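Me: Please take me through this structure one question at a time. I have not seen it before.

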2 protein chains.
Amino acid sequence: MRNLFMVVSYDGTRYHGFQTQPGENTIQDYIEASIHALTGETVKIIASGRTDAGVHARAQVFNFETQSSIPIERWCLALNTRLPNDIVIRSAQEVPLSFHSRHSAHWKTYRYTINANAFPDVFNRAYEFHHPTKLDIEEMRTALSHMVGTFDYTSFASRKSTKASHVRTIYKAWMEHDVSSAIPGTRDQGIIHTYVTGNGFLQHMVRIMMGTLVRVGQGKFKSEDIPGIIAAEDRSAAGPTAVAHGLTLWEVGYDLNELSIEK
Amino acid sequence: MRNLFMVVSYDGTRYHGFQTQPGENTIQDYIEASIHALTGETVKIIASGRTDAGVHARAQVFNFETQSSIPIERWCLALNTRLPNDIVIRSAQEVPLSFHSRHSAHWKTYRYTINANAFPDVFNRAYEFHHPTKLDIEEMRTALSHMVGTFDYTSFASRKSTKASHVRTIYKAWMEHDVSSAIPGTRDQGIIHTYVTGNGFLQHMVRIMMGTLVRVGQGKFKSEDIPGIIAAEDRSAAGPTAVAHGLTLWEVGYDLNELSIEK
């Protein structure tokens, strides 16, 4: 038995999220079908976590056990030829049988992109939340800094969350403000990429953080309101859930020793 | 009568090119329909030139005459709400009646993008030619430099070209090689953006230049073969026509004095 670990990119636009659901069109379903088509095996892949309907991934990861003897360097191409064009396996390696994509993950980074130009970007419109009206980006940056730390993030979790604890740690969070696409002399404000790295995320957590930051940018909240919103431990204290299509699972971090098959 | 000049971006994926054709689904048709929906006028827009089926534009330009008194700052939003999501008017200004988007254009820049990584990029797959096998990028760069100048570019023109003269000037051409997406230790070679600026382009010219450069990158032509290919003035001397979806009309250059309505 071999344990294979793979990195996958996907455009989540036309999928009902990563994780298999009854009767739904999910990324996991397509990946498992491609493995079945290649090896004849029916496997359940283990990902670092689910992503919501419409959310994208630059580098989601998953692992699964196989009895196939196909050499490791053949897997990516063999699976990609059996996958739709909007799901691409980027790398594959053999890992110890003890490795588990969710349990072994040390951190995850998400990126959320706001296009604050007057008009959408036709080439990136599927990956950005278009917000054409004025945002106070410096105030948003300050608000974001108040979200970093170890807190009970109930205010930033879906009411449907079934987790026993809502305590999580956000290690760091930062904004990259790129004005290269802004047309001078217009109300264009460029592109705002927000990156959030944490040890785990609750359902809708990054999207609710972003919906709250947009309220700050609009002047409806102040950055100094954030500690109180967190302390409330009440979903209704925070802003709305920002649209799914602006969110991308950017990277998942592991201890390289746990990935190494050489002992 | 007013002469309005606009900059438009489009994702050419699902269109049969820019220019109106009988029974076809073109960018021009949609723009003219949006103007009709807004003003009730039936206009023929004048673009800087056509783009082929599947070719994109970051900044195509067009102008048209209108009797509408709608203030200039209202036009972009008013047309965008009447256009499909993959066509976006980015700016609008009033120009002298003498201004003509094609005749007044001084230069045009196209960009052609090759993804030379092992696997496609799910987010940019519609805008890149995926070429996963080895390319000699330095040899391609040298070959490209031999294409700059004033030449009869018959070797790089569609056999269907009906132009009286195939003499054009390429002012400059350059490659940007971005390896940030290449996974170390793999055969990934990153992304190669080729920019070509000239006073005009023949049908398929940039795509045939690129198909020829790819042959150079594969070792099937040498960079020093390029002068002979140009001198042949024969389409069969050059390489194949590279796929349309890697090509983007990047920018069209005008003399700002000709655009200015203040005299």
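**Domains and salt bridges**

Reply: Chain A is divided into domain 1 (2-104) and domain 2 (107-250), with bounds that come from an automatic or database domain assignment. The model is predicted, so local features need pLDDT of at least 70 and side-chain atom pairs count only at pLDDT 80 or more, while totals for chains, interfaces and linings use all residues. Residues are numbered from 1 along each chain as its sequence is written, chains are lettered from A and ligands numbered from 1 in the order in which they are written, and side-chain values use heavy atoms, with hydrogens and water left out.

Me: What distance separates the centres of domain 1 of chain A and domain 2 of chain A?
Reply: The centres are taken over C-alpha atoms. The contact (heavy atoms within 4.5 Å) takes 15 residues from domain 1 of chain A and 13 residues from domain 2 of chain A. The separation of the two centres is 28 Å.

Me: Which residues in domain 1 of chain A lose the most area to domain 2 of chain A?
Reply: Buried area is the accessible area (1.4 Å probe) that two parts lose on being put together, summed over both. Between domain 1 and domain 2 of chain A it is about 1,000 Å², and carbon and sulfur atoms give 52% of that. Together, three residues account for 48% of what the domain 1 side buries: A:Asp52, A:His56 and A:Arg58.

Me: Which side chain meets A:Asp52 in a salt bridge?
Reply: Side chains of opposite charge can pair when their charged atoms come close. A salt bridge is a side-chain nitrogen of Lys or Arg within 4 Å of a carboxyl oxygen of Asp or Glu, and the rule finds one across the interface of domain 1 and domain 2 of chain A. At 3.0 Å, N to O, the partner of A:Asp52 is A:Arg207.

Me: Where is A:Thr51, and which side chain does it join in a polar contact of 2.8 Å?
Reply: A:Thr51 sits in the loop between strand S2 (46-47) and strand S3 (56-66) of chain A; helices (H or I, at least four residues) and strands (E, at least two) are DSSP runs, numbered from the N terminus. A polar contact is a pair of N or O atoms within 3.5 Å; within protein, one must be able to donate a hydrogen and the other to accept it, and residues adjacent in sequence count only if both atoms are side-chain atoms. The side chain joined to A:Thr51 at 2.8 Å is that of A:Tyr10.

Me: How many residues apart are B:Asp52 and B:Arg207?
Reply: B:Asp52 forms a salt bridge with B:Arg207, the closest N and O atoms being 3.1 Å apart. B:Asp52 is in the loop between S2 and S3 of chain B, while B:Arg207 is in helix H4 (residues 205-217). The pair links distant parts of the chain, and the separation is 155 residues.

Me: Which helix of chain B holds both B:Glu138 and B:Arg141?
Reply: The side chains of B:Glu138 and B:Arg141 meet in a salt bridge of 3.1 Å, N to O. They are three residues apart, about one turn of the helix. That helix is H3 (residues 137-146).
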